[in-house]
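Please look over the sequence and the model before reading on.

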Amino acid sequence: MRTSMELLPVRPTRKGPASAFTGDVYVTPICVGTGPSRMSVSLVRFTPGAHTNWHHHAVGQTLHVTEGVGLVGTRDGTVLRIHAGETIVCPPGEDHWHGAAPDTFMSHLAMLETKPDGGDPTTWLEPVTDQHYEQADNKTRRH
C-alpha cells in the first residue's frame, strides 16, 4: 500500500489483440490498483469502425468518452450512440461491446476493478458480426 503520493511513469501504448477487437484499437494503461485499491484505468483509442468483441466484467465497467463518437450494445438489443463527455456504466456480468462509429475515431477511459486475487475481471466472448455492428450504427444514426 502506498503511504505517500507517487508520480507514475507514462506506460507504453500497445495495440489491442485481434482476439478481443475488430479493427485497430490502442490501449494505454493509466493505473493498475495496488491494495487495497483494485481500480484499473486505461485510455482506449478506437479507429473508425473498430470495436470490442462481446464481453463482460466481474464487477462491471465504467466508460468515459474523451473524444469522438462511439457505439455501445448489449445482448437485449439496446444500442447507445455515445459522445465525448458522456459516461456509460455497464453492470457486473452484462454482455456488451463498444467501439467507434464507422466514420470517426473514439477514445474512452475504461475503468474497472481487478478481481480480489488480482486476476483479470474481463471475460472475452465471440466477435460482434459485421451485420450486427452495421445494424447498431443504423439504429442510432440521426437522419
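A charge sits over a ring if NZ of Lys or CZ of Arg is within 6 Å of the ring centre and within 35 degrees of the ring normal. The charged end of Arg75 meets this rule: it sits over the ring of Trp54, 4.1 Å from the ring centre. Keep in mind that this is a predicted model.

**Strands**

Begin with strand E3, residues 25–32. Strand E1 covers residues 14–15 and runs antiparallel to E3. Two bridges join E1 and E3. Arg14 has Val27 of E3 as its bridge partner.

E3 also pairs with strand E4, residues 39–46. Seven bridges join E3 and E4, and the two run antiparallel. Cys31 stands opposite Val41 of E4. How many residues make up the hairpin between E3 and E4? The hairpin joins the two strands through six residues.

**Thr28**

Thr28 lies in E3. Is Thr28 buried or exposed? Buried means under 20% relative accessible area. Thr28 has a relative accessibility of 11%, so it counts as buried. Its side chain makes a polar contact of 3.1 Å with the side chain of Arg45. Leaving out residues up to four places away in sequence, Thr28 touches Arg11, Pro12, Thr13, Ser42, Leu43 and Arg45.

**Nonpolar cores**

In soluble globular proteins, nonpolar side chains tend to be buried together. Here the largest nonpolar core has 15 residues. Val25, Phe46, Ile82, Ile88 and Met106 touch the most other members of that core. Four strands each supply at least two of its residues: E4, E7 (61–74), E9 (87–90) and E11 (106–113). E7 gives the most, with three residues.

Val25 has contacts beyond its sequence neighbours. Setting aside residues within four places in sequence, Val25 is in contact with Arg14, Lys15, Gly16, Val44, Arg45, Phe46 and Ala50.

**Aromatic pairs**

Across the whole structure, a search finds three aromatic pairs. Two of them are set out here.

| Pair | Centre to centre | Angle between planes | Type |
|---|---|---|---|
| Phe21 and Phe46 | 6.4 Å | 65° | edge-to-face |
| Trp97 and Tyr133 | 5.9 Å | 55° | tilted |

Which parts does the Phe21 and Phe46 pair tie together? Phe21 lies in strand E2 (residues 21–22) and Phe46 in E4, so the pair ties together parts that are 25 residues apart in sequence. Phe21 is buried, with a relative accessible area of 11%. Phe46 also counts as buried, at 1% relative accessibility. Phe21, Phe46 and Trp124 form one aromatic cluster.

The Trp97 and Tyr133 pair links a strand and a helix. Trp97 lies in strand E10 (residues 96–100) and Tyr133 in helix H1 (residues 130–140), so this pair ties together parts that are 36 residues apart in sequence. Trp97 is buried, with a relative accessible area of 0%. Tyr133 is buried as well, at 8%.

Terms used:
Residues numbered from 1 in each chain as written. Predicted model: local features only at pLDDT ≥ 70, side-chain atom pairs only at ≥ 80, totals over all residues. Heavy atoms only, no water. Pairing = 2+ DSSP bridges. Buried < 20%, exposed > 50% of the residue type's maximum accessible area, 1.4 Å probe, protein only. Polar contact = N/O pair within 3.5 Å; in protein donor to acceptor, adjacent residues only side chain to side chain. Contact = heavy atoms within 4.5 Å. Core = buried A, V, L, I, M, F, W, Y, C linked by side-chain atoms within 4.5 Å. Phe/Tyr/Trp six-rings, centres within 6.5 Å; stacked < 30°, edge-to-face > 60°.
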